[in-house]
Amino acid sequence: MRVYFDNAATTALDPEVIKEMYKVMEGQFGNPSSIHAHGREVRTLIERSRKTIAGLLHTSPAEIFFTSGGTEADNTAIRCGIVDHKITHAITTKLEHHAVVHTLQAMEKAGVIKLSFVDVDCKGNVDYDHLETLLKNNDRSFVSLMHANNELGTLTDIERVGNICEAYNALYHSDTVQTVGHYKHDLSKLKLHFMVCAAHKLHGPKGVGFLHINNKVKINPMIYGGAQERNMRGGTENVYGIAGLAKALEMAYADMDAHQQQIQALKSYMKAQLEQNIPGVQFNGETDPAKSLYTVLNVSFPEMEMADMLLFNLDIAGISASGGSACSSGTDIGSHVLTAIDANPNRPSVRFSFSKYNTRDEVDYTVAKLRELCAVVI
């Protein structure tokens, strides 16, 4: 049996998305910057896709800029937002994706900013009072706090953060890669200046995403070249990817409530089965459904010999998942997220992440294999 429980890393392409992309590949090959009929046809497709996405997010098409994915979108928002607005102080957490943390640390190393980290608790929850204190004690700041942690699944209240940032005239960027297409975002109400999307997290293609830039904020491009994306991102657009992204997001919104119920039920079922079958099992991050991403379950297993072989043995059993452990020293290569919440470095952790394609039979198979493995290696 082959089981795929690594959907937070990437998801399978939906067959309807493949059909949409193939239709474009087969019949619409013009360069969208060309003024002739072939080019205009493809330009129309891009703008129609942009309008679809903007409509779902309750924003203007003029605020959606296509990118190569979440990392480029994060980098553009952070680097250009900070430099172009002459901001010298940034705030984030030690739980952020490396696309955010490494970018901010590089800017601090270069002397562009001073970087502050918001406190988080043992489940990865942001200390909102500490965030406000940091904003009070510094001039206008750039705040980057993700909507849902990609390893733990813990959710941040981005509406609350937006209100706090507005009170202190801070720019707010949120890495929403794990939640676009899984939760509804109303950008007409959220006080976000930047948010991002990667299509491959919602059954769309790899290599394409978008950056939302609130029309109240003006930044310069990070990538120069042609006049594509209204002079905001040089380079010929990934037309097939853009078409696939729009289709994937449209389908995600159409079936969002049903898929959320289905996947949350599967996650709850797996949590219960692990508790019944593996003594000493624990969970990293929030498990309260109201505070946790319904697609992610981070499991902390009892201390064991050869803990680093757990993922390998799961792979041998046909189960794809991801994880690791907290760093036990400054030289260890481990999870910076688990280290930041003071997880026990001697307990191996596995992130199981689910999609609409997973089943209870797959959960039962995985739990049975984990029970075998834990019995063998403990």
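**The lining of the second largest pocket.** In the classes used here, Ala, Val, Leu, Ile, Met, Phe, Trp, Tyr, Cys and Pro count as nonpolar, Asp, Glu, Lys and Arg count as charged, and the others, Gly among them, count as polar. On that basis the lining of the second largest pocket has five nonpolar, four polar and six charged residues. The structure is a predicted model, in which local features need pLDDT of at least 70 and side-chain atom pairs count only at pLDDT 80 or more, while totals for chains, interfaces and linings use all residues. Residues are numbered from 1 along each chain as its sequence is written, and side-chain values use heavy atoms, with hydrogens and water left out. A pocket is an open set of points on a 1 Å grid over the protein atoms alone, with protein on both sides within 12 Å along at least five of seven lines, whereas a cavity is a set of points where a 1.4 Å probe fits but cannot get out; lining residues have an atom within 4 Å of a point. Grid points are joined across faces, edges and corners, and a volume is the space filled by probe spheres set on the points. The second largest pocket holds about 280 Å³ of space. It is lined by 15 residues, of which His147, Thr156, Asp157, Ile158 and Glu159 are the closest to its centre.

**The largest pocket and the residues at its centre.** About 340 Å³ of space lies in the largest pocket. Its lining is made of 19 residues, and the closest to the centre are Glu166, Lys191, His193, Asn214 and Lys216. By class, that lining divides into six nonpolar, seven polar and six charged residues.

**The chain as a whole.** Helices (H or I, at least four residues) and strands (E, at least two) are DSSP runs numbered from the N terminus, and by this scheme the chain has twelve helices and 13 strands. The radius of gyration is taken over C-alpha atoms, and the globule rule is 2.2 Å times the number of residues to the power 0.38. The radius of gyration of the chain is 21 Å, close to the 21 Å that the rule gives for 378 residues, so the chain is as compact as a globular protein of that length. Taken along the principal axes, the C-alpha atoms fill a box of roughly 65 × 55 × 35 Å. Residues are called buried under 20% relative accessible area, exposed over 50% and partly exposed in between (1.4 Å probe, protein chains only), and buried residues make up 56% of the 378 in the chain.

The expected span of a helix is 1.5 Å times one less than its number of residues. Twelve of the 16 residues of H8 are buried, so the helix is largely enclosed by the rest of the structure. With contact meaning heavy atoms within 4.5 Å, the buried residues of H8 pack against helix H1 (15–27), helix H2 (37–57), strand S2 (64–67), strand S7 (194–198), strand S8 (209–213) and helix H9 (256–277).

**The largest cavity, beside H8 and H9.** About 150 Å³ of space lies in the largest cavity. Among its 15 lining residues, the closest to its centre are Gly181, His182, His203, Ala252 and His259. H8 and H9 are the elements that give two or more residues to this lining, which has eight nonpolar, five polar and two charged residues.

**Helix H2 and the residue that follows it.** The 21 residues of H2 reach 30 Å from the first C-alpha to the last, close to the 30 Å expected at 1.5 Å a residue. The buried residues of H2 include Val42, Leu45, Ile46, Arg50 and Ile53, and what covers its buried residues includes H1, S2, S8, helix H7 (228–231) and H8. Just after H2, His58 takes a positive phi of about 60 degrees.

**Ala90 in strand S3.** Ala90 has its place in strand S3 (residues 89–92) and is buried, with a relative accessible area of 0%. Not counting residues up to four places away in sequence, Ala90 touches Ile82, Leu104, Ile113, Lys114, Leu115, Ser116 and Phe142. Ala90 and Ser116 are 26 residues apart in sequence, and their C-alpha atoms are 6.2 Å apart in space.

**Arg160 in helix H6.** Arg160 is found in helix H6 (residues 158–167) and is partly exposed, with a relative accessible area of 40%. Leaving aside its neighbours within four places in sequence, Arg160 is in contact with Tyr128 and Asp129.
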